[in-house]
Amino acid sequence: MSVFSRRLLAVAGKGGVGRTTVAAALALAAGARGRRVCVAELYGAWRIQHLFGARARSYTPIPIAPRVDAMSLDAVDCLDDFGRKKLKIGALVKALLHNRVMGAFLDAVPGLHDLQQLGKIENMLMEPGPGEPRYDLVVLDAPATGHSLTMLAGARAMREMTVVGPFHDLAHRIEALLDDHARTGLVLVTLPEALPVREALELVEALGPDAPLLDAIVVNQVRPASVPAEIAGVPWETVRAALVTDPNPDVQAVLATADQFVLRQHAADRALTRLTNAVRARHAAATTCSLPSVDVDQLTADDVRALARSLVHLGDAT
Amino acid sequence: MDLNPWLDRTKLVVCVGAGGVGKTTTAAAIALRGALSGRRTMVLTIDPARRLANSLGLDQFGNREARIDLSGMEGVKPGGELWAMMLDARSTFDALIHRVAPSDEVRERILANHVYRHMADTFAGSQDYMASEKIYDVAALGTYDLLVLDTPPVKNALDFLESPGRLVNFLDERVLSWFLDGSRSSRGGMMFGTSKVVFYLLGRVFGEQFIDDLSQFFRDFEGLYEGFRKRHQEVLDMFRAPTTQFVTVCAPSESSVDVASFFLSEFERRALPCGGIIVNQVHACSGQTHDAESVLGATARSLGGDLPPAVAASVVARLGMAHRRLHTLAMADHALARGLKSRYSGRLPGFFQEVPRMEDEVHDLPSLREVGRALFDQDAAPLSS
């Protein structure tokens, strides 16, 4: 089953691994395969909209490619939406929801903000209102790893705390969507370096039966080895042996540099092998793919389109 | 400046910083260094990388002190012991309720309350607050010469230093008082206007059971407030003591330097004793003082005897690229680190230390000792200059 046949793809990973970029590229790739897609950022972030030329953040999805929209969710917009659609509340009650004390209360209920935003996504997918776009797939730029799991567990906490009522029902629907391995998949983003890969490994091992199904691991920002295993047909070890006895400090400086890169590469390779093995053992259906490093200061929409082309066949080959 | 005397006169080191910068490793390395110098040392950590936890023997301990076996280490001064504890917000929170609850009945009611049970687990901010609670407990015992605290990688890691009303968003005083007044008058049947509508609405939206749980929870918690406040003052005094030192840890990345900078301004604003800045994972380029052309020329000559000229040329070109890349990385790291230092030099006391990037994973005592050497066996720059 291709990742692109899901209804919801949650893109998770530690801060700084390029989660947002991968989420945008995945959405473009799904669009290129004919799916109607929305990529969603949370907590008012609108980096994708900005990257594709928007001047201001928009809660309403805006088109970024054929069949692909981007939206920026935040808890207040989602609460309003929920109030209007589900609670059918009048203007007076709506004003109360915006009351300062109520605001502080709503801020404080554990997990309510996450729940509101996930609830909006569930609603978009499962029961879009008249005049609202109908999406085959939502790609969610999930918060940094630690928080992602809390966020996914938050629906359960809310359901247990509330027992009855609209929020209880909402939590229930979100849980059903996240737990449904046919509808929801997880894409984990990491970097080709020892530490981020080890963190990804810990997450993979921590994913319990209740977590969404792991669909893919994306190793982002892969660059060619600075010191390859062979140079012009000569193994690096042979080159090293020729240099190591030279007493010249300049030569030793070059060698020290090369050693550092070789060590780093080995550490990353070892970690990646462990990750690949763990994924194979625990999540047999998941695929691993890599994205090339884009050596620019400021990523452009064209860069993301190029990355999307590398992802179009994600999960097909197996 | 030598950091050894600094550590000798410090009784509590608090490490703050962004995630992924090696904060836990740094805290463990500082603690190990303290133990090696003959002090009874405890490192308190939250959610450490699992392999580090395993190597410290921490996996099966929640909120309990575990002694780390140093018998394999050479040169531990007499009296030196290393202990570690993994902080668990939930059990610390439970212990706190046990301590401040006015009666057994109230205590049991709080511990069984739905809202409390979820709050203690998922609550933003509870971890930091509980970390400060736990360390106060441990410090009050007086059994350790040195404590090292590893804080969670969040920007509000210092919020536990605010007034107890802000410790816990959930207990925001405005909400609390409104809620208590509202629910009290609702019980007495004297609720009017806004309160009535809001309570009706809350009940409709969240379910009456939840609102009842919440009201009960708030009423029970109100009685604990004074206990919280008193204890908070004692915790604050401990963090402001001159033998306490706050250290910010970062890596040479824009985002972690921004976080470090934020914490340094917080040290300044809250008048916390600033120990210094540690920049981890700095690329070191041993050739950076050399002239690239001559370095590569020497390499080419060195290879000339062993490899055919065409191969030697490819090798030199490749090594030249690697060397330039490392040089660029080292320069960029250095510029970021210096930028951070210059922003605070003269404003805060303390040290500025760079720790070179280690390509191998730091997950056992010998590699932690290496980190300690990088920290303490090379002179640090004073932040004042």
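Reader: Leaving aside neighbours within four places in sequence, which residues is B:Val13 in contact with?

Author: This is a predicted model. In it, B:Val13 is in contact with B:Trp6, B:Leu7, B:Ile30, B:Leu146, B:Leu147, B:Val148, B:Leu149, B:Gln245 and B:Val247.

Reader: Which residues have the most contacts inside the largest nonpolar core?

Author: The general idea comes first. In soluble globular proteins, nonpolar side chains tend to be buried together. Here the largest nonpolar core has 78 residues. Those with the most contacts inside it are B:Val13, B:Ile30, B:Leu44, B:Val148, B:Phe239, B:Phe267 and B:Leu365. Helix α2 (residues 23-36) of chain B gives the largest share of this core, eight residues. A second, separate core has 73 residues, including A:Cys38 and A:Leu203.

Reader: How do I check a helix? What should helix α13 of chain B span?

Author: Take 1.5 Å a residue; the 16 residues of helix α13 (254-269) of chain B should then span 22 Å. Its end C-alpha atoms are 22 Å apart, which agrees. Just after α13(B), B:Ala271 takes a positive phi of about 50°.

Reader: What covers the buried residues of α13(B)?

Author: The cover includes β1 (12-16), β6 (244-250), β7 (274-282) and α15 (309-344) of chain B. Among the buried residues of α13(B) are B:Val257, B:Leu264, B:Glu266 and B:Phe267.

Reader: B:Glu266 is on that list. Which residue forms a salt bridge with B:Glu266?

Author: B:Arg269 does, with the closest N and O atoms 3.1 Å apart. B:Glu266 is buried at 9% relative accessible area, whereas B:Arg269 counts as exposed at 56%.

Reader: Which parts does the pair A:Asp69 and A:Arg36 tie together?

Author: Their side chains meet in a salt bridge (3.5 Å, N to O). A:Asp69 lies in strand β4 (68-72) of chain A, and A:Arg36 in the loop between α1 (19-32) and β2 (37-41) of chain A, so the pair ties together parts 33 residues apart in sequence. A:Asp69 is buried at 8%; A:Arg36 is partly exposed at 28%.

Reader: Which residues are linked in a network of salt bridges?

Author: A:Glu193, A:Arg264, B:Arg357 and B:Glu359. Over all chains, the whole structure has 28 salt bridges.

Notes:
Residues numbered from 1 in each chain as written. Chains lettered and ligands numbered in written order. Predicted model: local features only at pLDDT ≥ 70, side-chain atom pairs only at ≥ 80, totals over all residues. Heavy atoms only, no water. Helix = DSSP H or I, 4+ residues; strand = E, 2+ residues; numbered from the N terminus. Expected span 1.5 Å × (residues − 1). Buried < 20%, exposed > 50% of the residue type's maximum accessible area, 1.4 Å probe, protein only. Contact = heavy atoms within 4.5 Å. Core = buried A, V, L, I, M, F, W, Y, C linked by side-chain atoms within 4.5 Å. Salt bridge = Lys/Arg side-chain N within 4 Å of Asp/Glu carboxyl O.
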